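Good morning, and thank you for making time for this presentation. I would ask you to keep the model on screen while I speak.

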Amino acid sequence: MLHGRAEEQAQIDRLVDGAREGRSGALVLRGPAGIGKSVLLGYAALRASGMRVVRGVGIESEAALPFAALHLLLRTGLDRIHALPDAQVRALGAALGLRDAPPESRFLVGLATLSLLSELAGDGGLLCLVDDVQWCDEASVDALVFAARRLGAEGVAMIFAARPDLPVTGLPEHRLAGLDDSAAAALLPADLPPQVRERLVQESAGNPLALIELPAALTAEQRAGRLSPVGAMPVAERIQEAFLAQMAGLPEAARTALLVAAAEGSGELATLVAAGASLDGLEAAERSRLIGINGSAVGFRHPLIRAAAYQSASVSRRLAVHRALADALISSTSPDAADRRIWHLAAAALGPDEGVARQLEEAAGRARTRGGHAAVAAAYQRAAELTVDSVRRSARLAAAALAASDAGLTDRAAALAASATPDVDDPAMIVALTQVRAHREVELGTPLAAGRIILDAAVRVAARDSEQATWLLVEAVRCAWFAGDAPLAGQASTALHELPATGSPLVGQAVGLARLLAGDLGGGLPLTGGALDPSGLAGLGVPGLTFAAGAALATGRAALCEELTGRVVADCRRSGMIGWLAFALQDQGFAQGLQGRYGEARATLEAGLRLATDLGHEHRVVHLTCCLAWVLAHQDVAGCRAMAEDGVRRADDRKLVLAATLGRWALGRLELGQGNADAALEQLERIPPTGFGALAAADLVEAAVRSGRPERVGEPLERYVIWARHVRQPASDAVALRCRALVEQDEAHFVAAVRAHDGDDQPYEQARTRLAYGEWLRRARRRADARTQLRAALEVFDRLGAQSWARRARTELRATGDVPAAPRRAGDPLSVLTAQEREVVRLAAAGASNRDIAAQLFLSPRTVGYHLYKAFPKLGITSRAQLATLAGVAAAE
């Protein structure tokens, strides 16, 4: 019977019942040691009758072994691994040491974990319990949290038990407090005097384990009521002292067995005996209820018992036990025996030891092939600690820092990089340390600081390796572009000119972007655009293509940007470069938005935002938030305003000028669509004139004209006209003519603008031009001509779902005496779907299977099936075959 946990039991009941009915969910139980987390997991297991239950636990001594906790959790279900897609089988098999394979993405391992849990759920549901998450290895936590965040219709319930300070975000959680006095008293022995019971309730702070264990540690006098004052001490320490008192009364063989088991961690009986733990000692410890022996597995009844057994031993005894365990593992056939052995040797090292350090490097290499970046970092870091030579030590610290950065541990990566010798002169090492330091700054949302770090390093590298210096300087320009900092971009551009030519098209793009930031449209656009020949970009990898895609956006080539990011997205999904995938989805989604495909753009950007949130990339989260707000400005007034205001605030706080530009542009366009020209002008005039400010200038021109501020039109008009003249795109030429028509009230410019839109890839801008022309014609009392333009504008706005602009077109049509049709989304049968359903349907209509769709969208196949189940009635169809007829219409949307 559980005392005082009715609320928690109800939460667990709802979660388990939901999984049994096909609804998935997750819960994190947080609380200090002894508060009852493990007992609640046991309650959940009892409630899961008729369901499959898998259990895992974090073991402190295995925290450096990649995917150790995940293997413990999934080992009983690995017979179903071959039901997964091949890429997921390879990723999960490599992660768990079941096969030799190249490094895989930790997120692909997470997706495979989700798919396997879905398979194990079957038709009866699955309960997944993970205890002591704070001691699970980072790679396992990444995979499990990734899966938990994407649960949908699999019938999987996941419950995690963790200490209060474990940094797990994005999941529902419940913090366990101490029991109330009544429930606490119910756990105490009935024969204790009232004053002793009251004292124990007070001192335990309602901690259930303390209430159970502390009475057993009382002396006869204390049980009789003669209690001395107790000094302030955390409850966990009180419990640990109670366990220590129990151990003190055990024979030496039992205490030795407990120390060996505490140092070993995995609980393999054969290894414990080989390292000096006698069977008699283990049996005595089991009789004292400190450990449990189940077949060939030995486990501590509570983690604090393990801590007490280890920490109470002298240093010399601990070192001796680690050496004995290392010797015992020589003959072990366990797949991870070699890694466990070297970690015991490292724990036994009294000082620098190059032999052990080299073996730790080998362990890091094995961890890398399994995608355990946190474990790689730990191995290299310990190897560095055992290294005397300063250069070799710095190299190992650099490797540790890069691995920690790959694992998303940015603070730890920066600390490791800072520990390296400051005067290293090896170019590769300088570049590696620079990447770590800069990556941290970018993730924190300070690309300007990252750019300065890169620029300083490039100067040091240039004399030794000009190609590496070139890449660094291009990255410095990228950072300056995000920060809107012309001086930094100018310094990087000047340094690029001083290096030997590499022939890379990225150099021209970088120099051109630097000039754009300086306000030199005439000098920057030809350089940037001239380096965007698709044939010259063929040899670029993911980072280079991503840079080129951003340059394409800056020069108004949305279709080219989408093409390039499409290649990047495919490469990232194939290779598991998830950090770059979030970046590519950002530009891909914005390019789709520029082309008026708002539903598709929204789904793309939301996918990128989920990934960036998982990665903890604050800069990318802010930028994607502002991009998404820009798309919503055309369709969702409330959603746009909330997202844009939040994104702009966060961008301003971090001086993310480009993100803030997109957010303010979103707000400005939103106000224009609502007919609030003054409010639009206020937002748009706060956008810097450089960088993306040229693209937003057309909206600024219209806002100034409609608010009756002709004196504020000249500069943005000139800026946009110059930009359009140099980018030489049909849509930008047409918008430039529209701007001149609005300013000069010249019909010839309106007519030319409408004609220039023929064949461009931006239907929204075409509708804006026809709306402006129709409004001008109506005011000139040419109602019949106005209706022609306004009807054409309304048809496009309706098809795009641009509701505010469609309302404006309807209002104008009514003013001409016309009666416009009711709002509709002509030509877009997918408009009734949610963003997630839309993406699933689009892929299914193209012939992708549920498993293929799940792999692309980072969902489980069951959740994909659920989205299709919800989408079919909305679309008025009954079978998957009918989706094919929607593919052409959806692609044209």
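The model is a predicted one, in which local features need pLDDT of at least 70 and side-chain atom pairs count only at pLDDT 80 or more, while totals for chains, interfaces and linings use all residues. Residues are numbered from 1 along each chain as its sequence is written, and side-chain values use heavy atoms, with hydrogens and water left out.

Let me begin with a loop residue. Thr555 sits in the loop that joins helix H28 (542-554) to helix H29 (558-575). Is Thr555 buried or exposed? Its relative accessibility is 3%, so Thr555 counts as buried; the term buried means under 20% relative accessible area, exposed means over 50%, and partly exposed lies in between, with a 1.4 Å probe and protein chains only. Leaving aside residues up to four places away in sequence, Thr555 touches Leu525, Thr528, Gly529, Leu532, Trp723, Val727 and Gln729, where contact means heavy atoms within 4.5 Å. The Thr555 side chain also reaches the backbone oxygen of Ala551, at 3.1 Å.

I turn now to the sheet. How many strands does the open sheet have, and in which order? There are 5 strands, in the order S2-S3-S4-S1-S5, and the pairing is parallel; two strands pair if DSSP finds at least two bridges between them. At the edges are strand S2 (52-57) and strand S5 (173-175), each of which pairs on one side only. From one strand to the next, the twist averages 15°. Strand S1 (residues 25-30) pairs with S5 over 3 bridges in the parallel sense, and Val28 stands opposite Glu173 in S5.

Two helices lie across this sheet. Helix H6 (residues 138-149) lies across S1, S3 and S4, at about 135° to S4. For these angles, axes are lines fitted to C-alpha atoms, for helices over the stretch in contact, and the values run from 0 to 180 degrees between N-to-C directions.

Next, some backbone geometry. Most residues other than glycine have a negative phi. Asp132, although not a glycine, has a positive phi of about 50°. Asp132 is found in the loop between S3 and H6, and at 8% relative accessibility it counts as buried. Arg781 is likewise not a glycine and has a positive phi, of about 65°. Arg781 lies in the loop between helix H40 (763-779) and helix H41 (783-800), and is exposed, with a relative accessible area of 74%.

Finally, a helix pair. Helix H44 (residues 850-857) packs against helix H45 (residues 861-875) at an angle of about 105°, and their axes are 8 Å apart. H44 is therefore roughly perpendicular to H45, a term covering 65 to 115 degrees, with under 35 roughly parallel, over 145 roughly antiparallel and the rest oblique. Which residues meet there? From H44 come Asn850, Arg851, Ile853 and Ala854, and from H45 Pro861, Val864, Gly865 and Leu868.

Notes: Helix = DSSP H or I, 4+ residues; strand = E, 2+ residues; numbered from the N terminus. Polar contact = N/O pair within 3.5 Å; in protein donor to acceptor, adjacent residues only side chain to side chain.
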